[in-house]
Amino acid sequence: MKNVGKVVENLFNGFIALALSLMAILVFGNVVLRYLFNSGITWSEEMARFLFIWLVLLGAVIAFKENSHLGVDMLVKRLSKPLKKIVFIISNVILLAVIYLVVEGSWKITLLNAGSTAPATGLPLTLIYGTGIIMGIGMGLTIIFKLYRVLFANEDVNKYMQIHESEEIITHANTSGNKEVPR
């Protein structure tokens, strides 16, 4: 299971890097063409926008998997381990419900726009609205995996908490002689 997760993560990271590279090339090339030759690539802006949508939503899945999203932990870090576990389970069940709504809404809008195409590129709009489905499935599977590990594999809930102690990380980096702040 971990190998499959690693392969998917590598695919997402590769696609994100490719999308970012293509976006930079398309936008830069279009700017150069406009200023030097008074012309441009008609579909460049639309394609860059589509790539940006995919980049952001796939990046959100990777950030979610790595617990890199922002959060507030004033209450949670003061709780005992059993209470942390209960709060973790409740919050992740709520997240699953919200992600279900995102996937359901993305599915409906994807079906609604199944026959529509983008004006400049001619790409089907299902490629754009489908990103919500892929993002939701990726995040949902991540939540299910984390819940399974905490509930049945008896892993420490702190490993899967969404919060990183920035002060402790900076202090640790300074005391270990490390100039860079670790992720």
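Biologist: What percentage of the 183 residues in the protein chain is buried?
Modeller: This is a predicted model, where local features need pLDDT of at least 70, side-chain atom pairs count only at pLDDT 80 or more, and totals for chains, interfaces and linings use all residues. Residues are numbered from 1 along each chain as its sequence is written, and side-chain values use heavy atoms, without hydrogens and water. Buried means under 20% relative accessible area, exposed over 50%, partly exposed in between, with a 1.4 Å probe and protein chains only. Of the 183 residues in the protein chain, the buried share is 29%.

Biologist: Which pattern does the protein chain follow along the sequence?
Modeller: Helices (H or I, at least four residues) and strands (E, at least two) are DSSP runs, numbered from the N terminus. The chain has 5 helices and 0 strands. Its pattern reads α-α-α-α-α.

Biologist: How are helix H1 and helix H2 oriented, roughly parallel or roughly antiparallel?
Modeller: Axes are lines fitted to C-alpha atoms, for helices over the stretch in contact, and angles run from 0 to 180 degrees between N-to-C directions. Angles under 35 degrees count as roughly parallel, over 145 as roughly antiparallel, 65 to 115 as roughly perpendicular and the rest as oblique. H1 (residues 2-37) and H2 (residues 44-65) cross at roughly 150 degrees, with axes coming within 9 Å. That makes H1, relative to H2, roughly antiparallel.

Biologist: How many nonpolar residues has the contact of H3 with H4?
Modeller: H3 (residues 81-112) packs with H4 (residues 126-151) at about 160 degrees, axes 9 Å apart. Ala, Val, Leu, Ile, Met, Phe, Trp, Tyr, Cys and Pro count as nonpolar, Asp, Glu, Lys and Arg as charged, and the others, Gly among them, as polar. The contact of H3 with H4 has 8 polar and 2 charged residues; its nonpolar count is 19.

Biologist: What span does H3 reach from its first C-alpha to its last?
Modeller: H3 has 32 residues. The expected span is 1.5 Å times one less than the number of residues. For H3 that expectation is 46 Å, and the reach is close to it, at 46 Å.

Biologist: Is Thr110 buried or exposed?
Modeller: Thr110 is found in helix H3. Its relative accessibility is 9%, so Thr110 counts as buried.

Biologist: Which helix do the buried residues of H3 pack against?
Modeller: Those residues are Lys84, Phe88, Asn92, Ile99, Ser106 and Thr110. Contact means heavy atoms within 4.5 Å. The buried residues of H3 pack against H4.
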